[in-house]
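This report sets out the computed features of the structure shown below.

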Protein chains: 2
Amino acid sequence: MSIEDSHDTPGRLARRNFLKTGGAAVAAGTALGATLGLSSVAQAAVPAQRHAASADPMLAVEPFYGEHQGGIVTPQQAHTYVAAFDLTTASRDDVIDLLRAWTQAAARMTQAQPAASLDGIGDDRAAPDSGDALGLGPAGLTVTFGFGPGLFASEGKDRYGLSHKRPAALVDLPRFNGDQLIAAKTGGDLFVQACANDAQVAFHAVRQLARAGDGILRMRWGQAGFLSGPRKETPRNLMGFKDGTNNPPTADPKLMNQFVWATAADAPWMQGGTYTVVRRIRITLEHWDRTELGFQEQVFGRRKYSGAPIGKHHEFDAVDLDAQDKDGNPLIPDNSHVRLSNRASNNGAQILRRSYSYNDSTDFYIERWPPWRQETEYDAGLIFVAHQSDPRKGFIPINEKLSKFDLMNQFTTHVGSAVFACPPGAKPGSFIGAELFSA
Amino acid sequence: MSIEDSHDTPGRLARRNFLKTGGAAVAAGTALGATLGLSSVAQAAVPAQRHAASADPMLAVEPFYGEHQGGIVTPQQAHTYVAAFDLTTASRDDVIDLLRAWTQAAARMTQAQPAASLDGIGDDRAAPDSGDALGLGPAGLTVTFGFGPGLFASEGKDRYGLSHKRPAALVDLPRFNGDQLIAAKTGGDLFVQACANDAQVAFHAVRQLARAGDGILRMRWGQAGFLSGPRKETPRNLMGFKDGTNNPPTADPKLMNQFVWATAADAPWMQGGTYTVVRRIRITLEHWDRTELGFQEQVFGRRKYSGAPIGKHHEFDAVDLDAQDKDGNPLIPDNSHVRLSNRASNNGAQILRRSYSYNDSTDFYIERWPPWRQETEYDAGLIFVAHQSDPRKGFIPINEKLSKFDLMNQFTTHVGSAVFACPPGAKPGSFIGAELFSA
């Protein structure tokens, strides 16, 4: 996607998405409100019609059903909550029932409805929805599901008769140079990514889905993330640099087919899906902030304030990897991030990044990098999320190179990691991953 | 404050605040942009004038200087980052210099300027601002400073000659029933609370201030928080109940003088300040979500969906603590949160709550409460912030009672705690806390 598309303002999204799908949400919300007398639920939907032109990001509606799952090429919402779960059941039917329940609940929540109907519930049991998103509106919610290696085989056991369906592209990620992975933030049999224009709406979705799996799964990790907004310009990351300038354009279906959507080669059930890599990358912000401006720019290969590649003047000027200074040295250093991650340095490999910043208060620990062997305070950084048609041609070779040479590694540590096969979108009446479980 | 005031929409705030103070920000921002050619900085300010009526919460401007500090009776912005620091210097002058620098930097940042001028900086040193909030706008930023007990005496030492000026109201908080305080989330010599309508703007402010103290202080804890929005109704907390219905009205100066602003009785330098209690309250959401609806309502003493007190029909119906059922039992249980925290149950004591939800991903630990002695997953809950004229008549007696009897304690654990004396606002040219350091 071009930057202008990828970092569309929530306002523009709200309007555009309402025109796509708003009507259904209004009808559903109103009916529900009428049944329950829940004024707040009704309010979530009714103003969507009244204020369609108000560009309120809380009123944006994203479709759930479709050829592809939402949350992959969907322009980024302002917040995310991503989570991974380990299955504890031995029953294939349990997994199918869970995916059916998840599909229905997710479809409802993207339309600002509770995870299940609150109609006629008594006070003698737990409500089927925790209620904390009532009245907040759809907020552009998307829910994306994925399957980790453990669904196909766990400790050598083929628990669900699926091992022969594991795609070759769903590889176990290798250890990368510098990895300091924390088990409690790594891996997982099932993946849920909720993105919305409100932090509570995103977290609410994951909470309801986690609860729907009570007794057959266990949460492995969860992580909130955010982007700053509204984003009329390319957003700056926590390092103060503009981030996201070089993503492939999602508006180009040919490029999306080439780099993002899975081919059915060895796993027909993945046709229209994608492979998703998640990395929790902690950034030593307090050391970064003390680093000379010129050095920061060498690390990125870009100017900090304008976002222009070194040697150029404007953010969207093409990166010229051949440019030299008067001594014949490269203007953009060999070990700069922009050079090492550039398509031209990776045999044309590209991935679709859809990352968020995270900020989990403070956590004092000793950093691996020698100059910073001292207490590090902020537990903040990047929830790196990248989609691709095959990680063996995408994230893995790119990160093999980055993890060895990138100057930025002095300030970043990968502490969490996971890879998932995200199946295609569900058809109404069916469920996410149905093709995987068909005979 | 009434609910309508206390949970004003960001939109309305933006407009109102711009009328108050927008002009100065525009002028300052434009001048800065012109000097540096930083289009993003200029953009942060210029649209404030052009779109004064656009009600964009990113363009809201709050004054920094004044009789009181901002962020106390200021209607709540959508995000916060609160932090506490321990002083490591032995020099009184270092502390004064720090407070001067903090005052100037905070005043600049509330007007969407970098913490210090970027004018003429070279690339051979660290920039005086990390740059991650460039172009985001003022976003209604307020920065509130406070002094912990350690400023007056630390391990028995009067490091800065201030011990005779410690207010009697700045007591060390007692241990409360059920406290499970984590040292790394408790206490602190200095307090900074940044609130803004954007998470990155709030965090950015604290980062710059932390860095300004390099060499004379150490971060003790930091914590991000959020509210859902926009908030046309009382916001629901992570437990799904409406939260904030019974705060004293900030629009009533008499009540604010009675309950919020410090009296100068034993510490004249605190005239116009307040005492602030911060508690990090973890909530076992996964257990709460499995609890019967009727029991949840008994815990709160309110209906979940409407927010009405039990026995009433509407959120703003008065709480009737005398109402009985047909057997003569109280309709609102003796151990319900609304009864125990109610003014009538606390000899008229009131505090001004200004809390945020927090969501720090997952952290598996064993919960203290017997029924839940199992792994708890979400590290989420409430950053409770309460302002009062005297904690001995506010938070302490109220929480003594709550910590013993509140049904809600089954689901909540206080894991962090701090108390601070927040001095009055600074006058232009002076600095926060100047009166404390005057001879």
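Which side chain meets that of B:Asp289 in a salt bridge? The partner is the side chain of A:Arg207, at 2.7 Å from N to O. A salt bridge is here a side-chain nitrogen of Lys or Arg within 4 Å of a carboxyl oxygen of Asp or Glu.

**Basis of the values**

This is a predicted model, in which local features need pLDDT of at least 70 and side-chain atom pairs count only at pLDDT 80 or more, while totals for chains, interfaces and linings use all residues. Residues are numbered from 1 along each chain as its sequence is written, chains are lettered from A and ligands numbered from 1 in the order in which they are written, and side-chain values use heavy atoms, with hydrogens and water left out.

Chain A contributes 68 residues to the contact, and chain B contributes 68 residues. Between them the chains bury about 5,500 Å², of which 51% is on carbon and sulfur atoms. Buried area is the accessible area (1.4 Å probe) that two parts lose on being put together, summed over both. On the side of chain A, the residues that lose the most area to chain B are A:Arg207, A:Asp289 and A:Tyr305, together 12% of what that side buries.

Across the interface there are 28 residue pairs in polar contact, both residues at pLDDT 80 or more. A polar contact is a pair of N or O atoms within 3.5 Å; within protein, one must be able to donate a hydrogen and the other to accept it, and residues adjacent in sequence count only if both atoms are side-chain atoms. Among the elements that each supply at least two residues to the side of chain A touching chain B are helix H3 (39-50), helix H6 (199-212) and strand S4 (217-226). Helices (H or I, at least four residues) and strands (E, at least two) are DSSP runs, numbered from the N terminus. S4(A) gives the most to that side, with 8 residues.

**Salt bridges**

The count is 32 salt bridges over all chains, and 4 salt bridges lie between chain A and chain B.

| Pair | Closest N to O distance |
|---|---|
| A:Arg207 and B:Asp289 | 2.7 Å |
| B:Arg207 and B:Asp132 | 3.2 Å |

B:Arg207 is in helix H5 (residues 199-212) of chain B and B:Asp132 in the loop between H4 and S2 of chain B, so the pair ties together parts that are 75 residues apart in sequence. B:Arg207 is buried at 1% relative accessibility, and B:Asp132 is buried at 0%. By contrast, B:Lys326 is exposed at 80% relative accessibility, and B:Asp327 is exposed at 56%.

**Local features**

Helix H8 (residues 293-300) of chain B is mostly covered, with 6 of its 8 residues buried. Its buried residues, including B:Leu293 and B:Phe300, pack against helix H7 (285-288) and helix H9 (337-340) of chain B. Just after H8(B), B:Gly301 takes a positive phi of about 80°.

Most residues other than glycine have a negative phi. A:Ala139, however, has a positive phi near 55°. A:Ala139 is located in the loop between helix H4 (92-110) and strand S2 (142-147) of chain A, and is buried at 0% relative accessibility.

A:Asn342 occupies the loop between helix H10 (337-340) and strand S6 (352-353) of chain A and is buried at 16% relative accessibility. A polar atom of the A:Asn342 side chain lies 2.9 Å from the backbone nitrogen of A:Ala344.

How values were computed
Buried means under 20% relative accessible area, exposed over 50%, partly exposed in between (1.4 Å probe, protein chains only). Contact means heavy atoms within 4.5 Å.
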